[in-house]
2 protein chains.
Amino acid sequence: MNILITGVAGFVGTNLAKAMLRRGGRISGIDNLRLGSTRNLDPVSTHPDFGFEIADLSDIEAYRRALGRLQSRNRIDEVWHLAASSDIPAGVADPAVDLRDTFMTTFNTLALMKEFGIGTIAFASSSAVYGDLGDRSLAEDSGPLFPISNYGAMKLASEAVISAGLESHLERAFIFRFPNVIGTPATHGVILDFVRKLKVNAAKLEVLGDGSQRKSYLHVDDLVDALLFIRAHAGDRLNYHNVGPSDEGVTVRFIAEQVVQRVAPGAGMTFGRGNQGWVGDVPAFSYATGKLSRLGWRPKLDSAQAVRRAVDEIVAQESRG
Amino acid sequence: MNILITGVAGFVGTNLAKAMLRRGGRISGIDNLRLGSTRNLDPVSTHPDFGFEIADLSDIEAYRRALGRLQSRNRIDEVWHLAASSDIPAGVADPAVDLRDTFMTTFNTLALMKEFGIGTIAFASSSAVYGDLGDRSLAEDSGPLFPISNYGAMKLASEAVISAGLESHLERAFIFRFPNVIGTPATHGVILDFVRKLKVNAAKLEVLGDGSQRKSYLHVDDLVDALLFIRAHAGDRLNYHNVGPSDEGVTVRFIAEQVVQRVAPGAGMTFGRGNQGWVGDVPAFSYATGKLSRLGWRPKLDSAQAVRRAVDEIVAQESRG
């Protein structure tokens, strides 16, 4: 199998490429290197079964040329579409960011899959499609879907065009609704923020919000394992799964404590007001992962273990400079 | 109140403008006249409280200029965004149609509302956001939302950016999920198709699909009445309602019979195969309108009455030529 991974130089993309190559797949990767970096690709870039093109997927001409070059080496069998803006606050400030990087990348991916005759897509969606449903458990069939960030809106829009595409040129689709994913190479996120803040000021860690936000976290190794498990075991034309641990999650305060303990033991912590860290942030949600459990998958690490491991990994990443 | 109606020269737009002017509102209308026509505006165009600009809303520069001219006459208080591609099969053949006319028109509307400081939007969404949920009753909180047409996908995407906009610059939103709406000025739809087919060949009416598709239909007079009722009575920041009659609907065969009886009594009817008229067509659905009923609104006509009245109106429209 020759798999196209979009956003291959990003956090999840590099980990997915590594895992797929390890399992004997061939990888064709595309990235615009806006959030991803070639350095992230160091572990795979010299692999004989790895091909890479730099292109901005929101520019369909550039995308078509890159895909043509990759196809000329190996016919692409399916697409794993991970490219997106992962900077949620940037998309709240300027909706054009998520329009371009989170939605148009999907729209163009589908247009080119039709042109190139590629029938199967696996798509990195997000728990952000659910918006804020209050205390309700978020299962795959929950509604209504009113996202509270443009990132979530453009992930939902992407799901929608994929689902419509199944009525015409697409053959199969896998929609993975990602939870908070942590690990390295970290490019953004609460752990990286805390580590960097403490590097600047080792005496005090300032936390946005009151620290009571509770979320579940999945380590990227578990995430990649889950995606490959779903791809191997889910049998519908349209497969859609929440991906995440089955625990109740940990609070931002817990994460702050882990980082302080590891980076600057004894540093003070200050908290903001309210349980929303930033506009577009969902304060707390109960993420139902029963559908994935019933398919037979279990994470190796729960949220607390994932946070502890990711803190270690991110501290190591940051001290490499 | 000065209301901006986008898509004002279309089927619903013209009826809404008439009703709002009758109730003493001021209307600023925009339309690109691709599907709408100035002829549709004849009943309102000379009204002193009606202003109109031709602009393609997918072109934000043109849209901004048009909105600026309308605002210079009267400050706009809220936007009723109706502009969209109403040609569902066209969007299945080419997703760029609904991207441009159904989604980018919404995206640009929100961007300009932010620029111009307009806080309230009323949006013409669609039952198409639900996709094909089989036998399930489609209530407002039903999920998952996997549309089967690009039209439905881009209506869902529009809802999503509106909901995200409420977290930043929007103050209130009204999302109306339209059913099949019938009446005049008819620009598309099954009744108009049948009437025109019989004009070409009065001996035989060819029906796509086997005629068993059952859908509910709302007359445009009832639709407009419902929208104004919701605007007046719904009190949330984000209000979303299925709009439709509460009956079980009528079949395509019933509609064909009404048209034959009115246009060419004694004409034969031939039917196709399958219960889907075209790709992207949802064969049958049970549209739950309990939320709207609980708000206190009732339609004057049920589906069968609405079809009979619309057939009369469309036959009259077509014989005016």
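Predicted model: local features only at pLDDT ≥ 70, side-chain atom pairs only at ≥ 80, totals over all residues.
**Stop 1**

Begin by displaying chain A and chain B together. Chain A can be laid on chain B with an RMSD of 0.0 Å, by a turn of 180° and a shift of 0.0 Å along the axis. The two copies are therefore related as by a two-fold rotation axis. The same surface serves both copies, for 100% of the contact residues of chain A recur in chain B.

**Stop 2: the sheet of chain B**

Next, hide chain A and colour the strands of chain B. They include an open sheet of 7 strands with parallel pairing, in the order S3-S2-S1-S4-S5-S7-S12. Select residues 50–54 and 238–242 of chain B to find the edge strands, S3 and S12, each of which pairs on one side only. From one strand to the next, the twist averages 15°.

For a detail of the pairing, select strand S1 (residues 2–6) and strand S2 (residues 26–31) of chain B, which run parallel and are joined by 5 bridges. Which residue in S2(B) is the bridge partner of B:Thr6? The partner is B:Ile30.

**Stop 3**

H1(B) lies across S1, S2, S3, S4 and S5 of chain B, and runs at about 165° to S2(B).

Keep both helices selected. H1(B) and H7(B) pack at an angle of about 60°, with their axes 10 Å apart. This angle makes H1(B) oblique to H7(B), and the crossing is right-handed. Show the side chains where they meet: B:Phe11, B:Val12, B:Asn15, B:Leu16 and B:Ala19 in H1(B) face B:Val220, B:Leu223, B:Val224, B:Leu227 and B:Leu228 in H7(B). By class, this contact has 9 nonpolar residues, 1 polar residue and no charged residues.

**Stop 4: a helix pair in chain A**

Finally, return to chain A and select helix H6 (residues 190–200) and helix H8 (residues 252–263), which pack at an angle of about 40° with their axes 10 Å apart. H6(A) is thus oblique to H8(A), and their crossing is right-handed. On the H6(A) side, the contact is made by A:Val190, A:Ile191, A:Phe194, A:Val195 and A:Leu198. These meet A:Val252, A:Ile255, A:Ala256, A:Val259, A:Val260 and A:Val263 in H8(A). The contact has 11 nonpolar residues, with no polar and no charged ones.

Key: Residues numbered from 1 in each chain as written. Chains lettered and ligands numbered in written order. Axes fitted to C-alpha atoms, helices over the stretch in contact; angles between N-to-C directions. Helix = DSSP H or I, 4+ residues; strand = E, 2+ residues; numbered from the N terminus. Parallel < 35°, antiparallel > 145°, perpendicular 65-115°, else oblique. Left-handed = near helix turned anticlockwise from the far one by under 90°. Contact = placed C-beta atoms within 7 Å. Nonpolar A, V, L, I, M, F, W, Y, C, P; charged D, E, K, R; others polar. Least-squares fit on C-alpha atoms with pLDDT ≥ 70 in both. Pairing = 2+ DSSP bridges.
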